[in-house]
Amino acid sequence: MKINGTAFRTIWPASDGAVEIIDQTRLPHEFTTVRLENMRDAEFAIREMQVRGAPLIGVTAAYGIALSMRHHATDAALQATCNMLRKSRPTAVNLSWAIERMRTFLLPLQVSERAQSAWQEAARIADEDVEINKAIGRHGLELIRDIHLRTKTTVNILTHCNAGWLATVDWGTALAPVYAAFEAGIPLQVWVDETRPRNQGASLTAWELAQHGVPHIVIVDNAGGHLMQHGLVDMVIVGTDRVTANGDVCNKIGTYLKALAAFDNGVPFYVAMPTPTLDWTLQDGVAEIPIEQRSQEEVTHLSGLCDDGQVRRVQLTPAGTFAANYAFDVTPARLVTALVTERGVVAANAGAILAQLKL
Ligand code: MRU
């Protein structure tokens, strides 16, 4: 996607053997890139959310392994690197998926071959992510087109968090259909949930939609139900960090409440799911998916651009107030209209998932 007219991915190999990323903690007020020189830099970038979004976390971990293999490529070093990266964030299954893919690819190779091969495999994972997202865009476009053909007016799409190109290598998952529909000339407008506490909607989704010229309006997280009751939302589409074999969907905290409101108002609720986000080992999402809990300061404090042009952090709560910070929740499959995957639109139930997505 383009930033001020220049095409960017969210992660790319630098010419001198490092890896570069866009520092998402600085957006939307500052566009800066960060160099990852070693595996610890990659682990830090994931943990501190310089990169975030399930697919991008996975690709960053793959490059982290490649960086590590340059210096230490023994079996023991590979295992230690994988263990460390795996712990950086617990919920998005793409992280362990990418780590496992790298590990099983590298283990049978000679130690001397591993550095170069790891680099190539990480690049393949990144390129595949782009292709997967383009395909999700094509399938999701048809859903948006159907709504437009029926209503003959602007399609109003609500999304939560950021599942756009910033959350992936390029294109995004939930926003890929939005970009495809926009390119196809379908009139649309995106309701962007601000997504407390880290405001990925207000900061990142709004920024990337603006860069692309897609009409959008930021709303507080609690506005979605009201908008749906008044017929102002034609569809909801969100990304996901992990989907169980039964179709339960884990995504950014607050997604479940949007799904409940959508169900109550007869609004279709779609989940854009690249197949690496499918966790075949789990059945019951609420019981089994590990939910990341992050620092309470993400809730008690907020940072933003002040009138004097400086970005500052401010405290919202009284001194000493405790906060809970659950980063994700699970939407049961019964509330999901369908999963939009690179292989087509799939009903969110065990039978359909098995029939359409098992290799
Ligand atoms: O905590 P984050 O910003 O990594 O959470 C991101 C999300 O919840 C996304 O919706 C999800 O990872 C899908 S990204 C294509």
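The C-alpha centres of domain 1 and domain 2 lie 24 Å apart, with the bounds taken from an automatic or database domain assignment.

User: What are the bounds of the two domains?
Analyst: Domain 1 is 2-128 and domain 2 is 136-357. This is a predicted model, where local features need pLDDT of at least 70, side-chain atom pairs count only at pLDDT 80 or more, and totals for chains, interfaces and linings use all residues. Residues are numbered from 1 along each chain as its sequence is written, and side-chain values use heavy atoms, with hydrogens and water left out.

User: How much area do domain 1 and domain 2 bury between them?
Analyst: About 2,600 Å², 59% of it on carbon and sulfur atoms; that is accessible area (1.4 Å probe) lost on putting the two parts together, summed over both. On the domain 1 side, R52, T91 and V93 lose the most, together 23% of what that side buries.

User: How many salt bridges between them?
Analyst: The count is 1, taking a salt bridge as a side-chain nitrogen of Lys or Arg within 4 Å of a carboxyl oxygen of Asp or Glu. R89 forms a salt bridge with E292, their closest N and O atoms being 2.9 Å apart.

User: Switching topic: is H301 buried or exposed?
Analyst: Buried, because its relative accessible area is 16%; buried means under 20%, exposed over 50%, partly exposed in between (1.4 Å probe, protein chains only).

User: And what does H301 touch?
Analyst: Leaving out residues up to four places away in sequence, H301 touches R196, R313, V314, Q315 and L316, with contact meaning heavy atoms within 4.5 Å.
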